[in-house]
Amino acid sequence: MSERIDFNELQRYFPFLAQASPAMRAQVMQQTILQTIPAGQTIFWEGDVCSHLALVLSGSVRVFKVSESGREITLYRIEASESCILTASCILSRSGFPAFAVTESEVRALLVPAPVLRAWLAQDEGWREYVVGVLAQRLAMVIATVEEIAFRRVDARIADYLLAVAAPGEKVSVTHQAIALELGTAREVVSRILKDLERAGAIALGRGAITVLDAEMLRARARAV
C-alpha cells in the first residue's frame, strides 16, 4: 500500500494550496504520488525527460551543471516547501533537463505527473501563480550565481562561504573538493587560497576540516573587489 499525505499537512508546506477549490484538492490527493528517495541518488541526468514535478516536503536536492572538463557548479538547492523550476520548465517546453539533480539527504516529495501539471496550469490560477513565483525566485538565484562567478574574486567567495558554514572558533568538516564543487572553481585554486588564509591567521586547516579563527579578517576578504 503506497504512502499518502494528509491535505492539511501538504498545505502547510505549500500554502498556495489552501486556496484550492474542493475539486482541485481532490485532484491533488488522487493524481499525485508520495515518494521517499534515498540520499545520493541521481534524480535527473542532463538531457533526461521530466516525467514529474517534485514538491519537496523534506530533505535537500542539489541542482548543478558539469563542464566538459568535469568541473561542477551548484545552481541551487531544492529543500522543504520548494520545487524545481527547471523541471517545470522542461515539462512545459517538453525539452530535456539541462542540468543534473542529486539528493544530498533522504528526500520525501509529492510527485505531480507531467500531463497533470500541464492540465492544472491551464485551468487553475493558483498553480500558475505558484510556478511563476518559483520561476522568478530561482531565476534571481541563478543570475546571482552567474554574477558571483563572472565578477567576484574567488578568494572573496571562499571567505563568504566559510562565514556562512562556520561560526568563529567552530570546526566544520568540509573538503577542498567540496568547496570547489560548490563554488564552481578548481580544487587547486581552493587549496591555494585556503593556505593563504591559514598563513594570514584567518583559519586553521585540518584533515577534511576547517576552523574559523578570525571572522573579521574573513569579512574583510569577502568585501574585497
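**Entry 1: Thr 211**

I started with Thr 211 and found it buried, at a relative accessible area of 13%. The cut-off for buried is under 20%, so Thr 211 qualifies. I note that I am working from a predicted model. Thr 211 sits in strand S11. I then looked up its contacts, setting aside neighbours within four places in sequence. Thr 211 touches Gly 169, Glu 170 and Lys 171, and also Ala 202, Ile 203 and Ala 204.

**Entry 2: helix H6**

Next I turned to H6, which runs over residues 154-165 and has 12 residues. From first C-alpha to last I get 17 Å, close to the 16 Å expected at 1.5 Å a residue. Which residues of H6 are buried? I list Asp 155, Ala 156, Arg 157, Ile 158, Ala 159, Tyr 161 and Leu 162.

**Entry 3: H2 against H4**

Last, I looked at helix H2 (residues 22-31) and helix H4 (residues 114-123). Their axes come within 12 Å and cross at roughly 170 degrees. Angles over 145 degrees count as roughly antiparallel, so I record H2 as roughly antiparallel to H4. Which residues make the contact? From H2 I noted Met 24, Gln 27, Val 28 and Gln 31. They meet Val 116, Trp 120 and Gln 123 of H4. I sorted the residues of this contact by type: four are nonpolar, three polar and none charged.

Key. Residues numbered from 1 in each chain as written. Predicted model: local features only at pLDDT ≥ 70, side-chain atom pairs only at ≥ 80, totals over all residues. Heavy atoms only, no water. Helix = DSSP H or I, 4+ residues; strand = E, 2+ residues; numbered from the N terminus. Expected span 1.5 Å × (residues − 1). Buried < 20%, exposed > 50% of the residue type's maximum accessible area, 1.4 Å probe, protein only. Axes fitted to C-alpha atoms, helices over the stretch in contact; angles between N-to-C directions. Parallel < 35°, antiparallel > 145°, perpendicular 65-115°, else oblique. Contact = heavy atoms within 4.5 Å. Nonpolar A, V, L, I, M, F, W, Y, C, P; charged D, E, K, R; others polar.
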